[in-house]
Amino acid sequence: MRFERSHTRKAAFLAVASSLALLATACGGDDGSSGSGGSSSANALEGRGPITLASGKDTSGNLQNQLNAWNAAHPTEKVELKELPDDADAQRQQMVQNAQNQSDAYSVLVMDVVWTSEFAANQWITQIPEDKVPDLGKLVPATVETAKYRDKLYGVPITSDGGLLYYRKDLLTAAGITDAPKTWDELLADCQKVAATPGGKGLNCYAGQFEKYEGLTVNFSEAVNSAGGQIVDKDGKPNVDTPEALAGLQELQNGFKTGAIPKAAITYKEEESRRAFQDGKLLFLRNWPYVYSLANKTDGSSKIAGKFAVAPLPGKDGPGVSSLGGHDYAISSFAKNKATAVDFINFMASEAQQKDNLSKTSLAPTWASLYDDPTLIKQFPYLPQLKASIASAQPRPRVVKYGDVTAAIQQAAYDALSKGTDPKTALSGLQTKLESLITQ
Ligand code: GLC
């Protein structure tokens, strides 16, 4: 009897324990993370059928063609594009809202590389076992890192991004300048020289993206990094109250004060600044690789096709440091048909798709060997430089509270550039704010 009773108790205990274990797996508790999201268990990558792709506005014009190719081959697992705004912060906001509502409206998310920690920690996106992505080892390692949170993969890098200096080669040549500037001081001196030539009339010197949104975080970070500073140090601690960061911010502030950067640039995002360059209004432009194809179009949309070239960003004593940009495809935890989503992501990551997309759009691929492909280098002579720029690019802070961190950076930089706030005061205020947000 004794034995029987204890046996029964043991059986009951085992039944409870195993259902608790099942529950833990179903809730994604197996990776030790906590959050408000759905399952992050690898077992949940199931289900086949139609899916959606939530993506920022496709300025390249080729995304729908890629989706059409997938759809033609997968008639029962079609992907429908849900196009979001072109401003990265607005995209994030819609994706966060979608996740907080636990909606299944977005299956695959085209995520800016800076959102991974926040989305993974909240379990808004699903962990992807590395063996489900056969080509992962073929991708540029720095891009794969952007898709990881606590060493686990939460997305697959589909496009990368590195900042480039676009310049009017025709106008530099006419002013007797043979090489692109390597430093910010050389760039300013080149502007003076070109201003004295007939082609320099009505031309502005330089623009980047200075509207108050993610692009400002990028441009501010590049100015700080290129002047030898850091936003966070190697241990992840905020580090902006430094002479180097000050030099970077002053460079931009002085640019606005002296008119080297036109006033209008305070309203520029990627597209506004690209249009100014294409309309022949700028000598130098900081922008991403996607601009190369569009600015070279000969259909009348660009006034400068064939007249410009591309160089690394300028720095203090030599080339500067780019921010690491790009997009990873992740699977919403609340999505249906996750098995289809994984296959679709692998299709977009494939060498064939990446090669075709690069040659049509000049969007930076994540497939490493494409940067060394002679045919592609002929079409895009800057590919080797871009490869080096991405490999040495500085990631923005990889933190769970990234939304708050970038908002604080944007506020400090915007105040200094648009209101003339003393840069030292702006940076010490930013340091205090970042210390309260980044506690690792
Ligand atoms: C590009 C980059 C992205 C960055 C954004 C800023 O889309 O790929 O990483 O955050 O520009 O506007």
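User: What should I know before reading the model, and how are residues numbered?
Analyst: Residues are numbered from 1 along each chain as its sequence is written, and side-chain values use heavy atoms, with hydrogens and water left out. The model is predicted, so local features need pLDDT of at least 70, side-chain atom pairs count only at pLDDT 80 or more, and totals for chains, interfaces and linings use all residues.

User: At what angle do α2 and α12 pack?
Analyst: Two packed helices are described by the angle between their axes and the distance between the axes. Helix α2 covers residues 63-73 and helix α12 residues 338-349. They pack at about 125°, with axes 11 Å apart. The two are therefore oblique to each other. The crossing of α2 past α12 is right-handed.

User: Which residues of α2 and α12 meet?
Analyst: Contact means heavy atoms within 4.5 Å. From α2 come Leu63, Gln66, Leu67, Ala69 and Trp70. From α12 come Thr340, Asp343, Phe344, Phe347 and Met348. This contact of α2 with α12 has 7 nonpolar, 2 polar and 1 charged residues.

User: How do α8 and α16 pack?
Analyst: Helix α8 (residues 214-226) and helix α16 (residues 402-419) pack at about 70°, with axes 9 Å apart. They are therefore roughly perpendicular to each other (65 to 115 degrees). Glu214, Leu216, Thr217 and Phe220 of α8 make the contact with Tyr402, Thr406, Ile409, Gln410, Ala413, Tyr414 and Leu417 of α16. The residues divide into 7 nonpolar, 3 polar and 1 charged.

User: How are α16 and α17 arranged?
Analyst: α16 and helix α17 (residues 423-437) pack at about 175°, their axes 10 Å apart. That makes α16 roughly antiparallel to α17 (over 145 degrees). On α16, the contact uses Asp404, Val405, Ala408, Ile409 and Ala412. On α17, Ala426, Leu430, Lys433, Leu434 and Leu437 take part.

User: Which residues are around the ligand?
Analyst: A residue counts if one of its heavy atoms lies within 4 Å of the molecule. Here they are Asp112, Asp161, Tyr213, Glu214, Gly215, Glu270, Trp288, Gly325, Gly326, His327 and Arg396. Glu214 also belongs to the contact of α8 with α16.

User: Which side chain has a polar atom 3.1 Å from a ligand oxygen?
Analyst: A polar contact is a pair of N or O atoms within 3.5 Å. The side chain is that of Trp288. For Asp112, a side-chain N or O atom is 2.5 Å from an oxygen atom of the ligand. For Asp161, that distance is 2.6 Å.

Definitions and conventions: Axes fitted to C-alpha atoms, helices over the stretch in contact; angles between N-to-C directions. Helix = DSSP H or I, 4+ residues; strand = E, 2+ residues; numbered from the N terminus. Parallel < 35°, antiparallel > 145°, perpendicular 65-115°, else oblique. Left-handed = near helix turned anticlockwise from the far one by under 90°. Nonpolar A, V, L, I, M, F, W, Y, C, P; charged D, E, K, R; others polar. Polar contact = N/O pair within 3.5 Å; in protein donor to acceptor, adjacent residues only side chain to side chain.
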